[in-house]
Amino acid sequence: MDGGTLIALLLIVAVATYFQTITGFGLGMIVMGATSGMQLASVATVAAVVSLVSLANSVVALPGRMHGIDWRAARAATLGILPAIVAGVVLLDFLSTTAAGILQLLLGIVIVQGSIGFALRPVQLDERSSDFSFVASGFFSGLSGGLFGVAGPPLIFQFYRQPMNAVAVRNILLLLFSVTSATRSVYLGVQGRLDAEIWVVFALALPVVALMTIVGRRYPPPLAARTMRRLVFMLLMAIGAYLVMSALPAIAAVS
């Protein structure tokens with residue numbers, strides 16, 4: 001990766017971190033979508049970096065936030081996450097070498113889905129969902145996490161529908177995202193696929209993330225939270241739509 005590409009990638013990480021600090025959402029999707037759309041680096045490389053950055057953030061944020069967790073739901077979701085992470089990485093390897101257009105299309109769809117999920121406010125259920133529904137949401141989030149290092153939308157939608165308070169939901173989601181990032185990173189590490197380039201980008205991205213998190217907290221934009229959420233929604237929709245539309249001609253040409 002040359003110097004110009006690295007600087008561009010770190011700038012994207014900085015912008016994405018700022019948005020995430022303000023709204024609580026978007027880091028992984030913005031980084032994955034923008035770098036893929038600009039063809040700055042391979043999906044596999046950026047996904048590995050995103051997983052490592054997410055894991056580092058979770059290690060810092062998780063201590064002291066383990067109270068109020070529905071451990072039965074967490075275990076059920078983890079049961080779906082673990083095999084799906086491996087399946088997602090295997091599918092990423094296959095699509096990267098045989099169907100790059102389909103890979104980009106899937107990334108665009110995941111980002112569009114995530115932006116819609118971010119905009120919607122799920123109606124809370126009166127009763128807790130079945131264990132199977134947690135396994136299923138964990139599986140689909142894990143599959144997305146394995147493919148792109150970006151888990152979230154299915155689990156976020158699932159847990160915010162439960163009769164739980166918002167703090168407990170945020171804590172359990174943080175735990176499950178930590179499991180997702182750790183599983184993906186360990187799986188790649190065991191296979192010897194966390195190469196020097198990934199570690200260098202990760203090492204440079206960490207201080208950028210830390211700095212922009214501080215900037216976001218101390219210098220939020222002079223906009224209402226609702227307006228910022230709409231801006232993130234529109235940004236993600238634009239990135240996702242671009243990836244989908246640019247992938248379709250490549251898929252059509254192959255077929």
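Which residues is M32 in contact with, leaving aside its neighbours within four places in sequence?

1. Basis of the model. This is a predicted model, in which local features need pLDDT of at least 70 and side-chain atom pairs count only at pLDDT 80 or more, while totals for chains, interfaces and linings use all residues. Residues are numbered from 1 along each chain as its sequence is written, and side-chain values use heavy atoms, with hydrogens and water left out.

2. Surroundings of M32. Once neighbours within four places in sequence are set aside, M32 is in contact with V43, V46, A47, V50, L107, F148 and V150. Contact here means heavy atoms within 4.5 Å.

3. The largest nonpolar core. This core has 53 residues, and V31, M32 and F148 are those with the most contacts inside it. At least two of its residues are supplied by each of α1 (3–23), α2 (27–37), α3 (43–61), α4 (71–98), α5 (100–119), α6 (131–148), α9 (196–218) and α10 (225–254). The largest share, ten residues, comes from α1. A nonpolar core is a set of buried Ala, Val, Leu, Ile, Met, Phe, Trp, Tyr and Cys residues joined through side-chain atoms within 4.5 Å. Buried means under 20% relative accessible area, exposed over 50%, and partly exposed in between (1.4 Å probe, protein chains only). Helices (H or I, at least four residues) and strands (E, at least two) are DSSP runs, numbered from the N terminus.

4. Helices α1 and α2. These pack at an angle of about 150 degrees, with their axes 8 Å apart. Axes are lines fitted to C-alpha atoms, for helices over the stretch in contact, and angles run from 0 to 180 degrees between N-to-C directions. α1 and α2 are therefore roughly antiparallel to each other; angles under 35 degrees count as roughly parallel, over 145 as roughly antiparallel, 65 to 115 as roughly perpendicular and the rest as oblique. Their crossing is right-handed, a crossing being left-handed if the near helix is turned anticlockwise from the far one by less than a right angle, and right-handed if clockwise. From α1, L9, I12, V13, A16, T17, F19 and Q20 meet L27, I30, V31, A34 and T35 of α2. By class, the residues of this contact divide into nine nonpolar, three polar and no charged. Ala, Val, Leu, Ile, Met, Phe, Trp, Tyr, Cys and Pro count as nonpolar, Asp, Glu, Lys and Arg as charged, and the others, Gly among them, as polar.

5. Helices α7 and α8. Helix α7 (residues 153–160) packs with helix α8 (residues 166–190) at an angle of about 155 degrees, their axes being 10 Å apart. That makes α7 roughly antiparallel to α8. The crossing of α7 past α8 is right-handed. In α7, L155, I156, F159 and Y160 meet V169, R170, I172, L173, L176 and F177 in α8. This contact has nine nonpolar, no polar and one charged residues.

6. Helices α4 and α8. The angle between α4 and α8 is about 35 degrees, with their axes 9 Å apart, and α4 passes α8 in a right-handed crossing. Among the residues making the contact are W71, I81 and L92 of α4 and I172, V179 and L188 of α8. The contact comprises 17 nonpolar, three polar and one charged residues.

7. V179. In helix α8, V179 counts as partly exposed at 21% relative accessibility. Not counting residues up to four places away in sequence, V179 touches T78, I81 and L82.

8. M212. This residue is found in helix α9 and counts as buried at 19% relative accessibility. With neighbours within four places in sequence left aside, M212 is in contact with A14, T17, Y18 and T21.

9. Two loop residues. Q162 lies in the loop between α7 and α8 and is buried, with a relative accessible area of 0%. Beyond its neighbours within four places in sequence, Q162 is in contact with Q124, L125, E127, R128, S129 and F134. Q39, in the loop between α2 and α3, is exposed, with a relative accessible area of 68%. Q39 has a positive phi of about 55 degrees although it is not a glycine. Most residues other than glycine have a negative phi.
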